[in-house]
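Me: I have just opened this one and would like a walk through it. Could we take it slowly?

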Amino acid sequence: MTTNNGTHVWKKDGVMGRMSRPLRKAWGRVVHKCYWDKGRDAFVTSIEEGNHDPGSLHYDRGAIDFKRNGAHIYEVKKAAGIGKGFDVIEYVKMDIFHMEYDPK
Ligand SMILES: [Zn+2]
């Protein structure tokens, strides 16, 4: 997908799965505010597939991983809407953010 300022959303080969609607909406906010508006591409590295903890929300349409690509965790948290069931974790060594939504 390409925007009018030339930025993209990329998916790593093999990324599959779906997100719950609240998570997908949060991801949309993050893509716009933290990536496209800043002239950065967004790279999805995992949704439901991959090796996650057995109890991971990744298997429940509740999590997405994406490359940091210059974004800061505070702007991602702000865009996601932390405190309403969303959480963002930064994995520095893997250079990704893990964002999850758990309505509890
Ligand atoms: Zn994750």
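Reply: One term first: two residues are in contact if their C-beta atoms, placed from the backbone, lie within 7 Å. Please keep in mind that this is a predicted model.

Me: Okay, and what does helix H2 lie across?

Reply: Helix H2, which spans residues 73-80, lies across S4 and S5, and its direction is at about 160° to that of S4.

Me: In what order do the strands of the sheet come?

Reply: The open sheet is formed by 5 strands in the order S1-S2-S3-S5-S4, with mixed pairing. Strand S1 (9-11) and strand S4 (86-91) each have a single partner strand, so they stand at the edges and one side of each is left without a neighbour in the sheet. From one strand to the next, the twist averages 30°.

Me: And which strands does helix H1 touch?

Reply: Helix H1 (residues 21-35) packs on the sheet and touches S1, S2, S3, S4 and strand S5 (96-101), while its direction makes about 145° with that of S5.

Me: How do S2 and S3 run, parallel or antiparallel?

Reply: Strand S2 (residues 42-46) and strand S3 (residues 63-67) run antiparallel and are joined by 2 bridges; Val44 has Phe66 in S3 as its bridge partner.

Me: Switching topic, which residues touch the most other members of the largest nonpolar core?

Reply: That core has 23 residues, and those touching the most other members are Ala26, Trp27, Val30, Ile64, Val76, Ala80 and Met99. Two or more residues come from each of H1, S3, H2 and S5, and H1 gives the largest share, 7 residues.

Me: What does Ala80 touch?

Reply: Leaving aside residues up to four places away in sequence, Ala80 touches Ala26, Arg29, Val30, Phe86, Val88 and Met99.

Key:
Residues are numbered from 1 along each chain as its sequence is written. This is a predicted model: local features need pLDDT of at least 70, side-chain atom pairs count only at pLDDT 80 or more; totals for chains, interfaces and linings use all residues. Two strands pair if DSSP finds at least two bridges between them. Helices (H or I, at least four residues) and strands (E, at least two) are DSSP runs, numbered from the N terminus. Axes are lines fitted to C-alpha atoms, for helices over the stretch in contact, and angles run from 0 to 180 degrees between N-to-C directions. A nonpolar core is a set of buried Ala, Val, Leu, Ile, Met, Phe, Trp, Tyr and Cys residues joined through C-beta atoms within 7 Å. A residue is buried if 20 or more other C-beta atoms lie within 10 Å of its own, exposed if 12 or fewer, and partly exposed in between; C-beta atoms are placed from the backbone.
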